[in-house]
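Let's take a look at a protein together with the molecule it holds. Have the sequence and the 3D view open as you read.

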Amino acid sequence: MAVQAENVHASVLLAETVQLLAPKPGDVFVDATLGLGGHTKALLETEATLRVIGIDQDVEAMKLAKDRLKYFGDRVEFRQGNFADIRKIVDSADGILADLGVSSLQFDSETRGFSFRFDAPLDMRMDAEGEDETAAEMLERLSEEEIANIIYGYGEERFSRRIARRIVERRNTGSPVRTTKELAELVERSVPRKPKDKIHPATKTFQALRIAVNRELEVLEGFLKDSIDLLRPNGRLAIISFHSLEDRMVKQAFLKASGKCQCPPRIPQCICGAAKQVEILTKKPITAGDDELDVNPRSRSAKLRAVRKLG
Ligand SMILES: C[S@@+](CC[C@H](N)C(=O)[O-])C[C@H]1O[C@@H](n2cnc3c(N)ncnc32)[C@H](O)[C@@H]1O
Ligand SMILES: [Zn+2]
């Protein structure tokens, strides 16, 4: 069935992002998480001479974005790959955007294993054609403690140990968890459920595994540093994050690049390498207003932060 891009992903904090990135005539931007191209489209429409290099690791998203953005012709270039490699993709940019996490296209896929709403192989790779390990393979390889740490660390799941124990018990009986349904049922049986709970008991576990499979936090750290380095004078970097650990990483990277030492207290000498490269444009993160919250539930946890490279 053909997917209508317009219906599958509502871009988050769109107007706010365009305003902060403030494209100028002749600028070259990088959209590091092109997805279905919603932010790129809005940026290209705002400034008629802007060009955008769009990166995404998801082949399927890239195809849809190409179709959706074909109207703009050679003002958009498409690069399938991981934004961890941004330095290999561009030498410099006037604006860089990353709208992190998964798209609705991925989350609503019936086959890619991101959601317990559909029974599918437990895959969860955004780059489904890459060589990296799937979630099922990861759960077969890691120790019980490592699995528990992922579920606790990235999912803030209080019952992480119990879930990890059951995953490993199942594995030891020769029938490891291989599908979304098997994992969702295992979590449901491991977690006491209160009638008031609005979210499915497996939500946190699925989120945690997705972050681990795609190494989302490791990749972000290097990307933030590289992006700040690659910005031309007065260039801008905007990041939309959906997880408190991501937002903390963005906030600290921006503070450090604004010259504020991020070393732990009582260290005699700064070792974090803080140096004044940017001005912070968002003292507090920008969040969605009521209008957006009403129509796009995904905007609930979105936080937008931006910096401007000094001249
Ligand atoms: C939230 S969606 C972006 C939606 C897009 N801003 C729009 O308006 O249509 C995030 C996209 O980033 C991609 N992505 C996430 N992490 C990535 C990474 N490390 N490298 C490349 N693409 C990544 C995902 O595959 C997904 O398509
Ligand atoms: Zn320091």
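What follows is a short tour of the ligand site and then of some aromatic rings.

## Before we start

Keep in mind that this is a predicted model. The distances, angles and areas below are all computed from it.

## Where the ligand sits

Find ligand 1 first: it sits in the largest cavity. Around ligand 1 you can count 25 residues, and the closest are Ser11, His39, Asp56, Asp99 and Gln106.

What kinds of residues make up this shell? Sorted by class, the shell around ligand 1 has 13 polar, 8 nonpolar and 4 charged residues.

Now zoom in on some atom pairs. The side chain of Gln106 has an N or O atom 2.8 Å from an oxygen atom of ligand 1. For Asn82, it's again a side-chain N or O atom, this one 3.0 Å from a nitrogen atom of ligand 1.

How much of ligand 1 does the protein cover? On its own, ligand 1 has 600 Å² of accessible area, and the protein covers 98% of that.

## Aromatic pairs

Next, the rings. A pair of aromatic rings is described by two things, the distance of the centres and the angle of the planes. The count here comes to 3 aromatic pairs.

One of them joins Tyr71 and Phe72: the ring centres are 5.0 Å apart and the planes are at 80 degrees, so this pair is edge-to-face. Are these two residues buried or exposed? Tyr71 is exposed, because its relative accessible area is 73%, while Phe72 is buried, at 7%.

Phe83 and Phe223 also form an aromatic pair, with 4.3 Å from centre to centre and 40 degrees between the planes, and this one is tilted.

Note on methods:
Residues are numbered from 1 along each chain as its sequence is written. Chains are lettered from A and ligands numbered from 1 in the order in which they are written. This is a predicted model: local features need pLDDT of at least 70, side-chain atom pairs count only at pLDDT 80 or more; totals for chains, interfaces and linings use all residues. Side-chain values use heavy atoms; hydrogens and water are left out. A residue is near a molecule or strand if one of its heavy atoms lies within 4 Å of it. A polar contact is a pair of N or O atoms within 3.5 Å; within protein, one must be able to donate a hydrogen and the other to accept it, and residues adjacent in sequence count only if both atoms are side-chain atoms. Accessible areas come from the Shrake-Rupley method with a 1.4 Å probe; for residues, only the protein chains shown count as cover. On a 1 Å grid over the protein atoms alone, a cavity is a set of points where a 1.4 Å probe fits but cannot get out, and a pocket is an open set with protein on both sides within 12 Å along at least five of seven lines; lining residues have an atom within 4 Å of a point. A molecule sits in a cavity or pocket if more than half of its atoms lie within 2 Å of its grid points. Ala, Val, Leu, Ile, Met, Phe, Trp, Tyr, Cys and Pro count as nonpolar, Asp, Glu, Lys and Arg as charged, and the others, Gly among them, as polar. Rings of Phe, Tyr and Trp (its six-membered ring) pair if their centres lie within 6.5 Å; planes under 30 degrees apart count as stacked, over 60 as edge-to-face and the rest as tilted. Buried means under 20% relative accessible area, exposed over 50%, partly exposed in between (1.4 Å probe, protein chains only).
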